[in-house]
Amino acid sequence: MLSRTAANLFWMTRYLERSETTARLLDLGFRNALLPNIGGGFRTEWSAILQSKGALQEFTDKYGELKQRNIESFLFFDLDNPSSVASCITAARENARIVRTALTTQVWDAINTSFQELKALSRRERSSLEVPELTDWTLRTAALIRGSIAATQLRNDGYRFMNLGYAVERADNTARLLDVKYYVLLPSVAYVGSGLDNYQWTTLLRALSAHRAYNWAYGGELSATQIAHFLILNPKFPRSLLSCCVEVNEHLDHLARMYDRSTTAQEAARKLLGELAEAKMADVFDEGLHEFLSRMIYENGRLAGCIVDQYLTGEAR
Amino acid sequence: MILTVLHKTRYEFAAPVRGIIQSLRLTPAKCEGQRVLDWSIDVPGATMSTPFRDGAGDYLQTVSLRAACDNIEITVSGRVETFDTAGILRGHRERVPPRAYLRGTIRTEPNRAIQDLVADALKGHEDAADLDRAHRLAAAVSQALPYTPGATDAHTTAAEAITAGAGVCQDHAQVLISCAHLAGMPARYVSGYLNATEDSSPHEASHAWAELYLDGLGWVGFDAANQCCPNDQYIRLGSGLDAQDAAPIRGLVSGGSAESLDVSVEIAAQEQRQQQ
Amino acid sequence: MAEQYFNEMYDGQGLRAPYQMLEGWYQNMPAEIRAVKQAEAEGLFRRYGITFAVYGEGGDPDRLIPFDMFPRVFTSDEWRKLERGIKQRARALNAFLSDVYDRGEIIRAGRIPADLVYRNEAYEIAVAGFRPPLGIFSHIVGIDLVRTGADQFYVLEDNCRTPSGVSYMLENREVMMRMFPHLFQENRVAPVDGYARLLKRTLDSVAPEKCERDPKVVLLTPGHYNSAYYEHSFLADLMGIELVEGQDLFVEGDFCWMRTTEGPQKVDVIYRRIDDAFLDPLCFRPDSALGVPGLMNVYRSGGVTICSAPGAGVADDKAIYTYVPEMVRFYLGEAPILENVPTWQCAKPDELKYVQENIADLVIKEVHGSGGYGMLVGPKSDKATIETFAAKLAANPSNYIAQPTLALSTCPTFVEEGIAPRHVDLRPYCLVGRDIELVPGALTRVALTEGSLVVNSSQGGGVKDTWVIAEE
C-alpha cells in the first residue's frame, strides 16, 4: 500500500487514542477537583495535568490563571492546543478524509459523524456543558470508531497500521499518565500512602476505566506497587505497557509475513517486548519508576520512528 | 579542430540532504559544426538514466541520489571535433517548429529600454534581410551591456540586465532573445562551452549565446558577449527559451540545506595530427 | 418569454416522448414527500462526502453542489446522434494534437494559422516530436454541449486536459436509484456505472511499450485541499488504483516509482489531475511542489504514460475551438456532426468591431478562462458592467472571443412552487484509448436561478441525473 496512506492511517488512530487520553485526563482533573482542598488544592492538580501534556506553559501564556472553565476549554475545545480533544478529532478526521477509500463506510461514518457532533458541541453555550458530558461523549465516540474498525475493516496492511497507531500511542499515554501521578500529582513525599494518595490512585484508575478491573485483579487493596504493576506489566490489562507492546509485535509480525520482509521495526519491537515480559516490579523500582517510565517513553518513541522509517516513508528497500 | 573538455560541478551541502535529482543537458549533439569523439558523464554514487533526445535535439539524462549525502560531483569529460560553420546550425536533428520560439518568458520579457534598443538598432533597416537585422541587434546588445562579471546573477532577467547596463554572457543572450522577439524573429538560448583563445576576448569557458531563426538560413548563433558568431571554438550543448530552460543542470534537493557550488571548466584545443 | 427557449419536456405540441413517464411521477408526488426526498438526497451526498469547494469564496469547504431530482432525459435516437458527433470530435481533437506535435500537416496545408498553435501558451515545446503511446494525447475528452432545439445542439467548448465532474454523473445516478427505484423499473434507463471500468481499460491500453506486465495505473491529485479531491478519490476507488500525490512518486533511472510500505513500486500510467505547469519542476515551473521532479524525462523516454498528455491543452483553447470543425474535415474527411457556436475572434480587427458594436447582445469570454469567470453575458448585464468589460476588451482584444447569446434549452426543475423550466447544458465524457468509448450518460448542469444562463457550479448552478432511454 501507498506509504502515505499507511502514514495517514497510523496517525489517524494515534490522534484518536490521544483524544481519548486527553478526555481521560480532563476527567481525572475534574474528579480530583471534587476532593477537599489539601495542600495546594486543585490548582496544583490541574497544573500537573497540564504538565503531563507538556502544555502548562502554553496554557498560562494564553489564559493566565488556572481557572477550571478555562482548563476545560483548553483541553477540550481549543484548536490552538494540539492535543485538545477537538484538535485530535479534527486531525484524525483530516487523516481519514485523505485516505477515505482505505476506510469502510462505517468507519468513515463514525469518524465524520464525530467531527460533525464536535462542531455542534462547540457551538453550544459553554455553561450548559459539564465535564462528564464531554468526556462521556469522547469515550463513546472513541469506542464507536474503534469498534467500527474492528468489526468492518479488512485484515489487510491498512488494518495493521491503524492498530499500530493505537498501540504505540496508548503505550506512550499510559506511561505518561502513570508518571504524572507518581512524580507530579502528589504534593509531597509525606503524602505517600496517605488518604490523599489513595484517592488520587483511585481517580487515576477510574480515569483509565480500570477501577473495577484493578479490584478484581488485586483484591481491592490499593498499593503503589500493585497499581504500577497493573499499568506496566499486567498482560491482562489492555492499557498496560506490556499489552500495548504485545499488540505492536503482533501487528508488525503480520506485516513481516504479509510483505515477506522483516525490518528493524520488528527487531526493536521484539527487544522491547523481551524486556517487558521479563521485568519484575523490583527491577522497575530499582531503576526508579520515573526513570523507567522516561526510558519506556523514549524506547516506544524510537520504535514508532522505526515503523515510520521502514514503512511510512517509502524509502526503505 | 579537436576540443577537449573537463567540466566539474560540485555541490556541497552544509548539512546532509535526503536526496538529489537532476536533469542534465550535458552531451553535445551531432551537427555540421561538431562531432563527438568521446564523451562521458560521471556522478559517483548516483543512478543515471539512459540518455534520450528531446524534440529540440538535445540529449537529456536524469541523475539521482536517493541516500543521505552532503555533496554531489558531476564530471563531464570528452573530446569533440568542431568545424566553423559561421554560426549556422546545420544538420541538427530537431522537431520543434521554429515559430514556437517566438514566445517570451519572465526572463526574456522586454521592457521599454529593450524596445528602444531595438528601435534604435533597426532604425532605417526595418526592411533589411534577417541576417543584417540580427547582426545589428547583436551589436547593439553587446554595446548596451559591457561584459561585467558580478553585475548580475543567475536569476537576472533581460529587463533587469538592460537596466543595470552590464552583464555576462547569460544576460547578453537573454537580452538578444528579447530583442529578436520584438523584431519578429524566433530566438532561443543556447548553452555550451567556449575555448577562449588569445585573440578573442576570453569570456567564460562555460558559455551561453543566442540562436536566431533567420529566413533562408535557419538557426544562426550570435554570441553578443564576444561580438561574433560561434565557430569551431564553440561546443553546443543544448537550447531552451531562456537560461533556466536551457540550463545544463536543473536539479532539486530534498531536505535541502544551504548549498555551495564549485565549478571548474577546462577547454583546450588538442594538437591535431596531420589532416587526412 | 418562455417560448423563445426550447423546453425539453413540453414543446409546442405538448409533452415530449422521453418525459412521458415522469409527468405522472412528479404530479403524484405530494410536496411533503418531495421535501423528504430532497433532504434524503442531500443526506446521501453529504454521507458520500461529495462536496465542491468554490474558488475565492471562503465559506464552507464542504459545500454541496445542489442536486435537482428531476432527471433530464434523452431518447436513444437523440443520444445516438450525439454519440456519433462526440466521438467524431474526440477523434479529430486527438488527430490534431498528434499532428501539431509532429509534422503539423494542418498548418502546412494552411487550414489553421501557425501562430495560433505554435505561439499558444498551451503548446508544449518540451513534447514536440514526441509520440505518446497509440498517438493519443487526450484520453478523456469532455465536450460541453448546449441545446437550442429538438435537433439542434451546439458545442460550447472542448476539454482535452482533465475535465472534471464525472463523479457527479455517477453519484447522481446512484442517488436517484436509491431514492426512486420504481422509476428505473418502469423506464429503461441505460446504465452509466460501466464508466470506471472503461476508464481503467482506456488507461491500461496506453501503457508504455516498455511495460511488460499488467500496467500499474495511478491517479495523481494535487491533494486533499483541491476542490475536486472528492472526485479524484472517488474515481481511484472505483478503478481500484492508488490515489497519489507528487510526494508519493519519485524518479530513478528510466522509471517512475511509487513509495509503498513494501518499498518502491514501478508506475506505468499516470492519470493526472494537475496542470502541465506543475507536473515536473525540472521541466516546467521550478517552484512546483505538486509534481514529480524528473517525470518529464521518464515520460519522453517512454518509461511512463501521462494522461492526458502534457501539451494536450493546445486543442481546447478557445481560440483553437473555432477550427475544430475544420479538423474534422481535414483529418477524418467527414462532415462535422456537431456544430460549433458561431464565434468572433476579437483578435481580428473586423470581428472585434462587430463585437464592440453588439456587445450588449453577446457573450464574451476570456480565451484562457474557465468556470464561468471573467465572462460577460451581455443581455443579462447592466450598463455599468458592460462598460467596464468593454474597456477590458479594448485594452486586450486578443484575450477575448465572443459568441451570440444562445437560447439554452430548459428542463423542468423542482422549485418552491412545483416545477419550472430552468436552463441546462450537457457534458459527456468520451474515453479515447485503444477503443473510443462513451457511456450513455453525461453531467447535466442546471442554472437554478430563474432566467439565468450560467450553469457553473461555482456560480449557483446545480446538477441533474441524465438519462438515456435504452431501446426496446
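Predicted model: local features only at pLDDT ≥ 70, side-chain atom pairs only at ≥ 80, totals over all residues.
For chain A, the mean pLDDT is 88, and 91% of the residues reach 70 or more. Confidence within chain A is lowest in helix 2 (residues 41–52), where the mean is 66. The highest value in chain A, 97, belongs to helix 12 (residues 241–259).

Chain B contributes 22 residues to its contact with chain C, and chain C contributes 24 residues. On the chain B side, at least two residues each are supplied by strand 2 (19–27), strand 6 (59–65) and strand 12 (249–254) of chain B. Strand 6 of chain B provides the largest share of this side, with 3 residues. By residue class, the side of chain B that touches chain C comprises 8 nonpolar, 8 polar and 6 charged residues.

In chain C, strand 11 (residues 269–272) is covered on both faces. C:Val269 and C:Tyr271 are buried on one side, and C:Ile270 and C:Arg272 are buried on the other. Strand 11 of chain C runs parallel to strand 6 (residues 217–220) of chain C, to which it is joined by 4 bridges. Within this pairing, C:Arg272 is the bridge partner of C:Leu220. Strand 11 of chain C also runs parallel to strand 12 (residues 305–307) of chain C, and 3 bridges join the two. Here C:Tyr271, one of the buried residues of strand 11, stands opposite C:Cys307.

Conventions: Residues numbered from 1 in each chain as written. Chains lettered and ligands numbered in written order. Buried ≥ 20, exposed ≤ 12 C-beta atoms within 10 Å, placed from the backbone. Pairing = 2+ DSSP bridges. pLDDT = per-residue confidence, 0-100. Contact = placed C-beta atoms within 7 Å. Nonpolar A, V, L, I, M, F, W, Y, C, P; charged D, E, K, R; others polar.
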